[in-house]
Amino acid sequence: MAFKGSKHVSLGLALAATVTAASLWLSYTNKLNVYIGSQYDWFALIMAVLSFIGIAASTLSKKHAHNERQKVSIPVIGLGLIAGALAFTLLMLQPKVLSSATALQRGINAGGLNLATTTNTASFGATNYSQFDIRDWASVLSQATSESFYTGKTANLLGFVSPAPGNDPDVFYASRFYITCCAMDAQPYGVPIYAPNWKQHYPVNSWVSVSGGFIENPHKNSSFPIVVMPTKLSAVPEPADPYER
Amino acid sequence: MAASSVTKLNRERWDVRVVGFSLVAGLLIIRFISAVIVHVNLPDKLQDLITLSSSVILESFPFVTLGILLSVAVQVWLPARKVQAWLPKNGYARRLCISFLGVLLPVCECGNLPVARGLIAQGFTVAESVTFLLAAPILNPITLLTTHEAFPTDSHILIARAVGALLIANIIGWLFSKERRSTDVLTKKFIALCKTEDDHTHTKWEHSVDLFARETTSIMPALFVGAVTAGCIQVLVPRSVLLGLGGNALLSILAMIVLALIVSICSNVDAFFVLAFSTTFSVGAVVSFLVFGPMIDVKMLALMRTTYTMRALLRITVLVTLFTIILGLGVNYGF
């Protein structure tokens, strides 16, 4: 047996052509990592090239498709419009990383905090904390709540600004998404930064570089008993690889 | 055929290839130009919906393309019914062997759908295609290796995942083998696609190109719809609600099943994703995620709908859910 005929040749091939063109462009401009993990870059590029060849050759089969009458219904039109709208955005809009809205919706630090699963576990318990990233410090903060533990320790962080939930207006999260496969599985992690009037200088979703030690939060009723008191806090451009792994 | 007709046909084929090439090249040029001139600031939630849906498509598309190429290879380049001849005649033994076809075709679940369609077109039964579709994303070397890498000291997670997937796929395959009419399980459109084509003028290459076009045509709209649906659910359903259920033996399993349904993560790397939850969720819940996710998720359901009826999808989903819960509870209370 073999397949025979189809009713949506033009839509399906047009969608494939759009994804192929978008993949090639994203690969060329190094922006595929806005959507997928870098381990897939080469695979995505190779399959986009093969798809390009397949699509170019496939238009031959239009000859067969045109022999069939198109049966168009309202659901088919609706689904076609949804697919077409997304294809349009793939082709026309700038790639943008996930925002703090998704970070808050998924719950910052809700994805499990355990130093055994973070990348720099070898350093924990030793004196070298300089390599700790946002997830590492978030893990430490979830486990060690005594201020004395943090004496002499400095955090160097790069993340985007997310409003910290709760009743503390002087704290924001320096946050980062960690992905395994693609943006769908991105888990947000964040470290609370103490910076009164932060909203005036660092808009939500903007990127900041933070350096500083840990202090007990001056607001005793805050949800964040230990916070980073920045000695250096500055706005920076979005990094080339916005997600951590 | 007269020489002039052959020349005309060759010219026509060349012309349409140019059209196909121009289609992708033209879209690529549009993409380059729009990057320079189009700057739109959308509300965060809408922008995130677009990013999430696009990520599903860009991550799945290479696997879908690979799956389509494998499907073409199975249908056109493997001798007809050769694969079937290698398999045992007994139904149980056949499905057991088919469960391990993923060892030869180690693509993730969205790539397996076109392969499953190709197997049916090659003469495999619906039950065998379902067994393959459910087992292959888990019982393949890449998935098993990454599971071992993620949980090197918890070998029972790897064993429970592999054995659980094998059992569930074969039990559901056996249940579907009782189905008398394929029309109850396969869509009319897919059955029509599978009807024997009486066109002896095709070379193998032409046949391959034709199949590539038709499979792309069938699957791509479903992939887009699945991606948008998965994106909408991600934006609208607070994940923190699910993660709050980690402590309870049964609720944690249900939460992880729902999470797997929503996240639609590739089976080759899902173990690393769930690793972060392993301290807050029960082992049974982690195993449930690792078994359920590769079999059923929002994106896969949209893709499977191109081939299986709604009734069949409902049965598969309910059965996989029930068996996964039993497996998860067994792991929670057995280890």
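Predicted model: local features only at pLDDT ≥ 70, side-chain atom pairs only at ≥ 80, totals over all residues.

Student: Okay, how many residues does the contact take from chain A and from chain B?

Tutor: Chain A puts in 74 residues and chain B puts in 80 residues. On chain A's side, α1 (9-28), α2 (41-58), α3 (62-65), α4 (74-92) and α5 (100-106) each supply at least two residues. The most comes from α1(A), with 15 residues.

Student: What kinds of residues make up the side of chain A that touches chain B?

Tutor: That side splits into 43 nonpolar, 26 polar and five charged residues.

Student: Now B:Phe272. What makes it count as buried?

Tutor: The cut-off is 20 or more other C-beta atoms within 10 Å. B:Phe272 has 21, so it is buried. You'll find B:Phe272 in helix α13 (residues 270-275) of chain B.

Student: Which residues does B:Phe272 touch, leaving out those up to four places away in sequence?

Tutor: They are A:Thr180, B:Thr146 and B:Ala150. Also, B:Thr147 is 125 residues from B:Phe272 along the chain, yet their C-alpha atoms are separated by 7.6 Å.

Student: How do you know that the length of helix α5 of chain B agrees with what a helix should span?

Tutor: Helix α5 (residues 109-121) of chain B has 13 residues, and at 1.5 Å a residue it should span 18 Å. The expected span uses one less than the number of residues. The end C-alpha atoms are 19 Å apart, which agrees.

Student: And why is α5(B) called mostly covered?

Tutor: Count its buried residues: 13 of its 13 pass. Just after this helix, B:Gly123 takes a positive phi of about 115 degrees.

Student: What about the largest nonpolar core: which residues touch the most other members?

Tutor: The core has 182 residues, and those touching the most other members are A:Val191, A:Ile193, B:Phe224, B:Met256 and B:Val286. Helix α2 (residues 44-77) of chain B gives the most to this core, with 15 residues. As for B:Phe224, its contacts beyond four places in sequence include A:Leu15, A:Ile82, A:Leu86 and B:Ile57.

Student: Last one: how is chain B divided into domains?

Tutor: Domain 1 covers 1-39 and domain 2 covers 44-334. Their C-alpha centres lie 34 Å apart.

Methods
Residues numbered from 1 in each chain as written. Chains lettered and ligands numbered in written order. Helix = DSSP H or I, 4+ residues; strand = E, 2+ residues; numbered from the N terminus. Buried ≥ 20, exposed ≤ 12 C-beta atoms within 10 Å, placed from the backbone. Domains from an automatic or database assignment. Contact = placed C-beta atoms within 7 Å. Nonpolar A, V, L, I, M, F, W, Y, C, P; charged D, E, K, R; others polar. Core = buried A, V, L, I, M, F, W, Y, C linked by C-beta atoms within 7 Å.
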